[in-house]
Amino acid sequence: MRIKLGLTILFVVFLSACRSLVPVMDINNTNFPTGHTLEEVENAIINGASVKGWQMRKVEPGKMRGQLNMRGKHQAVIDIFYTKDYYSIKYVNSMGLKYENGKIHPNYNRWIHNLRYAITNQLNR
């Protein structure tokens, strides 16, 4: 009886530690509030990303590459495409997030959601 109980507890702990993977969340053509310049959009992306721990670098006009490093063992890399009217966030690659066939650890989507909110928040200031 004790062995069955011990194995059951061990199995439940194992299952709770193994979160299932979720589809990668990309942000497609999210509109900005009107009336902003391209420079204001770039600054909102850089500042919003910085607030959430992302390191951004401009790759070319209308495109930035972002990288987030978490606890030295997880990394996410994204591209942000933007105009003065809209932006998109696209997954590029990751480390330690179990990416497989378009699915990834749920934390990645949470980080992208938080990034989107931070960018929008910067533009609404």
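In what follows, a residue counts as buried when its relative accessible area is under 20%, as exposed when that area is over 50%, and as partly exposed in between, with a 1.4 Å probe and protein chains only. Helices (H or I, at least four residues) and strands (E, at least two) are DSSP runs, numbered from the N terminus.

Good morning. The model is a predicted one, in which local features need pLDDT of at least 70 and side-chain atom pairs count only at pLDDT 80 or more, while totals for chains, interfaces and linings use all residues. Residues are numbered from 1 along each chain as its sequence is written, and side-chain values use heavy atoms, with hydrogens and water left out.

I shall begin with helix 2. An α-helix has 3.6 residues a turn, so residues three or four places apart point the same way. Just after the helix, G53 adopts a positive phi of about 90°.

Five strands form an open sheet in the order 2-6-5-4-3, with antiparallel pairing; two strands are said to pair if DSSP finds at least two bridges between them. Strand 2 and strand 3 stand at the edges with a single partner strand each, so one side of each has no neighbour in the sheet. On average, neighbouring strands are turned by 25° against each other, direction ignored. Helix 2 packs on this sheet and touches strand 3, strand 4 and strand 5, its direction making about 170° with that of strand 5. Helix 3 also packs on the sheet, touching strand 2, strand 4, strand 5 and strand 6, and its direction makes about 40° with that of strand 5. Axes here are lines fitted to C-alpha atoms, for helices over the stretch in contact, and angles run from 0 to 180 degrees between N-to-C directions.

Let us take the pairings in turn. Strand 2 and strand 6 are joined by three bridges, and I27 has I89 as its bridge partner in strand 6. Strand 5 pairs with strand 6 over eight bridges, with Y82 opposite Y87, and a hairpin of three residues connects these two strands. Eight bridges also join strand 4 to strand 5, where Q67 is partnered by V77. In the hairpin of strand 4 and strand 5, R71 has a positive phi near 55°.

Why is strand 5 described as largely enclosed by the rest of the structure? Eight of its nine residues are buried, so the rest of the structure largely encloses the strand.

The next topic is the core. A nonpolar core is a set of buried Ala, Val, Leu, Ile, Met, Phe, Trp, Tyr and Cys residues joined through side-chain atoms within 4.5 Å. The largest has 25 residues, and W54 and I80 have the most contacts inside it. Helix 3 gives the most to this core, with six residues. Leaving aside neighbours within four places in sequence, I80 is in contact with residues including I45, M56, Y87, I89, L115 and I119.

K63 is buried, at a relative accessible area of 16%. Not counting residues up to four places away in sequence, K63 touches K58, D79, I80, F81 and Y82.

Definitions and conventions: Contact means heavy atoms within 4.5 Å.
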